[in-house]
Amino acid sequence: MNINNTKVVKYPELGNGLAATRDLEAGEVIIRIAKPFLIVVENAALDRVCSECLFESENGLKRCTGCKVVQYCSIACQAAAWKAIHKEECKIYRKLPQIAPTAVRGLIQLLLRKEIGTSPDPRWAGLEGHVAELQKQKRWDEIVLQAKAAVEWTKSPQTCMETAINMLCRMATNAFRVTLADSTPIGLCFEPVVSLANHSCTPNATIIFDGRQLTLRTLDPIKKGDQVFVSYIDTTQTREERRHELKDRYFFTCHCEKCEQDDGPYHTFLKSQSIPYPPLDLFISQEEIRNFAQARCSDASATKVPDILPKVQDLLTRSRNPSISSAQQFSLLQTALRTCEPLQRTQQVAQPPYPQVLHELYLHYLSDQSTYTQALRILLYLYLHSDVYTYPQPHHPVRVIRLYTIAKLLQNVPELGDVDFISANQVLLLCVRELVRKSHGEETSFGREVREALADVEAVQRTRGGVGSALNAWVLGVGEEAQRRDGKEYARKIFEGLRDLAGSALDGVRK
Ligand SMILES: C[S@@+](CC[C@H](N)C(=O)[O-])C[C@H]1O[C@@H](n2cnc3c(N)ncnc32)[C@H](O)[C@@H]1O
């Protein structure tokens, strides 16, 4: 079977998988599916996104007055959902004392759509479902109960029960999270074609959503015949955490090189095929990153760091307790940062759990507008000292979102040091606009948002002399030589200033 740029290949140990049918460049679209087989907004996101288009809405969402479960951003979305499924679904939701679990709501949709009959559908029956393994787990009773409930509520024939159970098992192994452009999880997607992609802890591809549209994109170049890998889990975790999650949820032990060699972020970076994006080289040069990673890998003291993970994880869990005060939360995060001191001493900021601590600190500062400047500094620090190793591709969606967030924060903090914040905002947005072609796609809603933000700042720059056009000429490599040279000089100063801001990021926390 040929699926866009891939074909299904059976691999020993991994089962079916997807192989590239031609050489693919970094950031290319492998498969795009406008309407995946099944998408359900997860319970925690029902109040956040429109259940039809899956976007957030600046004007707020309107709840369905019938079931009071789903919400829509417009009459058009409500009408489309009503016609497609909600007319039937609504009658069921109304009678339930509470909102059914996300997977059950997915099964209800499939039963109502008559996608589940008395025998498994060839579109998904061939997918690995791990039925025998699930039968041995505590989860099995829950799966059977969920299938029974969905069959009963949809008034489907009892003969559908076995297929419904089979479908829930397939969903447990094959469904993946739907996310907003910034990776916030909002739903569950079951799409049999893309589910064929196997897992690696150093994936060469990633799944991106734009509303309902799903795109499988390359992170690295993939040669014709090579396998396409995505990651099922958060790859920044330690090998033990990754292996535990993969075994528990997907019933396999990962033997990718990162797991076999127990490579940390610096080793993984050195083995990556990272392709530099020249304008960002002025922010942090590829050569500098490579030399630094090499030094970390040959530093014997780097391997002698005590196991701080359990203590830091405990502190982070306690800091997320909603009933503690902001001051108590900050104190726990300060202790977590101090516990990471051995990693700081050996300059291993990208090594878990250090980046997690920094991220929590960033979120803490972001929760209060008066501390946005600290949030900005921490984010710059994370980008320069961790992200560039953990996500080696400059167009990696996480890195692109990080740069975009830094640009947005620059608009919301008072000027600091010598950095011209308006120009810094522009130069970062110019880079993001270029990188978004490979990370999310310029035709996506995120691509449009970036272009609009850039147009706004460029309008301001036009009133401030030639800086804006020089920066534009330099990033895009257009215009006259002298203008590009000026642009490069402005950019060098901006990036230097941003690096200085990152340099003092932790001063306030350590006090
Ligand atoms: C989403 S499915 C991928 C398609 C699957 N290989 C199939 O034949 O249907 C996930 C399942 O594939 C297998 N799998 C995926 N990645 C693997 C890997 N790196 N090593 C071993 N098995 C893997 C596991 O059985 C896992 O539960």
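Here an axis is a line fitted to C-alpha atoms, for a helix over the stretch in contact, and an angle between two axes runs from 0 to 180 degrees between N-to-C directions. With that in hand, welcome to the tour; please keep in mind that this is a predicted model.

**Stop 1: helix H12**

Select residues 309-319, which form helix H12. Then colour Val312, Leu315 and Ser319, the buried residues of this helix. Turn the view to look down the axis of H12: the buried residues fall within an arc of 60°, so they line one face of the helix. Now look at the face turned away from the buried side of H12, where you will find the exposed residues Pro310 and Thr317.

**Stop 2: the neighbours of H12**

The axes of H12 and H13 are 9 Å apart, and the two helices pack at an angle of about 165°. Angles over 145 degrees count as roughly antiparallel, and H12 and H13 are therefore roughly antiparallel to each other. Their crossing is left-handed. To see the contact itself, show side chains for Lys311, Val312, Leu315, Leu316, Arg318 and Ser319 on H12, then for Gln329, Leu332, Leu333, Thr335, Ala336 and Thr339 on H13. Sorted by class, this contact of H12 with H13 has six nonpolar residues, four polar ones and two charged ones.

**Stop 3: helices H18 and H20**

Next, select 421-439 for helix H18 and 467-476 for helix H20. Their axes come within 10 Å and cross at roughly 25°. Angles under 35 degrees count as roughly parallel, so H18 and H20 are roughly parallel to each other. The crossing of this pair is right-handed. On the H18 side, pick Ser423, Gln426, Val427, Leu430 and Cys431; they meet Val467, Gly468, Leu471, Asn472 and Val475 of H20. By class, the contact of H18 with H20 has six nonpolar and four polar residues, and no charged ones.

**Stop 4: Gln294**

Finish at Gln294, in helix H11 (residues 286-298). Gln294 is partly exposed, with 14 other C-beta atoms within 10 Å. Now draw a distance from its C-alpha atom to that of Phe269: the two are separated by 9.5 Å, although Gln294 and Phe269 are 25 residues apart along the chain.

Methods:
Residues are numbered from 1 along each chain as its sequence is written. This is a predicted model: local features need pLDDT of at least 70, side-chain atom pairs count only at pLDDT 80 or more; totals for chains, interfaces and linings use all residues. Helices (H or I, at least four residues) and strands (E, at least two) are DSSP runs, numbered from the N terminus. Angles under 35 degrees count as roughly parallel, over 145 as roughly antiparallel, 65 to 115 as roughly perpendicular and the rest as oblique. A crossing is left-handed if the near helix is turned anticlockwise from the far one by less than a right angle, and right-handed if clockwise. Two residues are in contact if their C-beta atoms, placed from the backbone, lie within 7 Å. Ala, Val, Leu, Ile, Met, Phe, Trp, Tyr, Cys and Pro count as nonpolar, Asp, Glu, Lys and Arg as charged, and the others, Gly among them, as polar. A residue is buried if 20 or more other C-beta atoms lie within 10 Å of its own, exposed if 12 or fewer, and partly exposed in between; C-beta atoms are placed from the backbone. The arc is that of the directions from the helix axis to the C-beta atoms.
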